[in-house]
Amino acid sequence: MKLPDAQQLKAWDAYTIQQEPVSSTDLMERAAMACTGWLLTHFNNREFMIFCGKGNNGGDGLAIARLLLQHGCAVKIFLPQTANPVSADHAVNLLRLREAGGNAVEISTREELPHITQGIIVIDALYGSGMNRPLEGIVADIVNHLNNSEAVVVSIDLPSGMLVHESSVGRLMVKAAYTLSFQVYKLCFMAAANAAFFGRLVVLDIGLHPLFLHQLDTVYSMTTKEKTVSLLKDRDAFSHKGTHGHALLIAGNKGKAGAAILAARACLRTGAGLLTVDAAETIIDILQTAVPEAMTKDRREKAFSNRFSAIGAGPGMGTGKEETDLLTGLLNDTDQPLILDADALTILSVHKQLLEQLPPGTILTPHPKEFDRVFGACSHEFDRWNRAVALSVRYPFVIVLKGHHTLIAWQGKGMFNNTGNAGMAKGGSGDVLTGMLTALLAQGYTAHDAAILGVWLHGLAGDLALMQQQSLESLLPSDLIDSIGAAFNSLRG
Ligand SMILES: NC(=O)C1=CN([C@@H]2O[C@H](COP(=O)(O)OP(=O)(O)OC[C@H]3O[C@@H](n4cnc5c(N)ncnc54)[C@H](OP(=O)(O)O)[C@@H]3O)[C@@H](O)[C@H]2O)[C@@H](O)CC1
Ligand SMILES: Nc1ncnc2c1ncn2[C@@H]1O[C@H](COP(=O)(O)OP(=O)(O)O)[C@@H](O)[C@H]1O
Ligand SMILES: [K+]
């Protein structure tokens, strides 16, 4: 699913109006009906206060106010007096509201701000995707007033003050409990820094023309289940272990045997035919006991063969001289599909010249701190995403920037993942991902396909483990591994 920016959203609106065809007022009515339906389902018999700006977001608010009144709800409507002009559809809906018996109160000073009692549902229809400068004056006063109240705030399309496609860090914006956004996800909803402001996100279908999105070129998109299913390969009934690749994991050191075990088990559960783990001598026995299906190689044996179909390096590997030499040697000698995670990324951050040696299609799986260590400090998430996408043009590798919505950057495009949950915020979840990605590469998936599919399956395994028996608190990375099978089955099912 593509993530359009503010201009593209406006163009989509115009395209729908022209191609469907539908009048802009009717399109606004559709949006308002979708919001009203949601509000009536979730907050029936409650009192509403609606704050409407002068643009089309305010127009939505006025239409919602009329529809709620027609359903017999108690609704108070407020119009902050600002210098910007009234949009045509705002004007139409103000008239319709008045004809329906609604009374909109103009407010221009702080003294006129209404008292917000507990239990009231506040609807924020001040600004949406047309917001183009910091909030000030009476609108800023309203937003502060709402944020200081205990009311449940529902924002229409976007929390007022939030930018669609840029960082809103440091800006004044509405703190919503719910955001009812139209048609598609937007980039701002991928940002952790915005999460406390948009609250629970609901995307409502308002029937914008699908062809526009189909033809649109966007830098950012979101992975869908359909996309992921289309990547999944069948497992040949006549296959044997050699058919599914021989994976090598360079993982585990003293005190970090667990990282190697998690990665190894995840790798095998994701379908690799054979697995060898290169580990520090001190943990070899532990590994052999914990993962009997895997073969091991003592790290002191320097020689590497080219028999591996894919190599994943980093989980609990260590960052000493031995590991640095090993990684440097590997990059000199191999052009096998490669994944670098954790300690391998730390080594990369110290020896940045190695970046130039990564074979095309290498997958890097940094979390934000690791990303900044390798590629320089970023001031906010949008900066980091844009940098990851720019780097994916400069270098032939795939960057898997981990987070709630993990970003997969490849050849100038960024795709956000949409599975996974906060139960996965626990040491070891990333090791599981590395094992899974290594297995997919070993089975012949391209780096980009492996990243999309692996990250989706990893998050889905987390979601399924939650549904089966775990909670956000109790979920363990090992539970992810136990649910990999269910995740594959759910994709195929
Ligand atoms: N497909 C769709 O997208 C659909 C969209 N729909 C709805 O339309 C909304 C977008 O409407 P919109 O373009 O009228 O923009 P909106 O956010 O209401 O306000 C912009 C106005 O405010 C002004 N202004 C801006 N910033 C300001 C500030 N800080 N402080 C003060 N003023 C400020 C700016 O004025 P100017 O820059 O000219 O001074 C402009 O007049 C969208 O979010 C959704 O709710 C649905 O109805 C149907 C389908
Ligand atoms: N709140 C969350 N929502 C979804 N996924 C998450 C969340 N927190 C962590 N994850 C996932 O868990 C993994 C954590 O990776 P990482 O930080 O490298 O952990 P570790 O190095 O301890 O194994 C990533 O794949 C990340 O996307
Ligand atoms: K809004």
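Which residues point one way from E4, and which the other way? Select strand E4, residues 121–125. Ile121, Ile123 and Ala125 point one way, and Val122 and Asp124 point the other way. In a regular strand the side chains alternate between the two faces of the sheet.

This is a predicted model: local features need pLDDT of at least 70, side-chain atom pairs count only at pLDDT 80 or more, and totals for chains, interfaces and linings use all residues. Residues are numbered from 1 along each chain as its sequence is written, and chains are lettered from A and ligands numbered from 1 in the order in which they are written.

Stay on E4. Five of its five residues are buried, so the strand is largely enclosed by the rest of the structure. (Buried means 20 or more other C-beta atoms within 10 Å of the residue's own, with C-beta atoms placed from the backbone.) Strands (E, at least two residues) and helices (H or I, at least four) are DSSP runs, numbered from the N terminus.

Find phenylalanine 51: it stands opposite aspartate 124.

Follow the chain from E4 through helix H5 (residues 137–148) to E5. This β-α-β crossover is right-handed: with the strands pointing away from the viewer, the path from the first strand over the helix to the second runs clockwise.

Last stop: ligand 2. Select helix H15 (429–442) and helix H16 (447–468), which each supply at least two residues of its shell. H15 gives the most, with four residues.

How values were computed:
Buried ≥ 20, exposed ≤ 12 C-beta atoms within 10 Å, placed from the backbone. Pairing = 2+ DSSP bridges.
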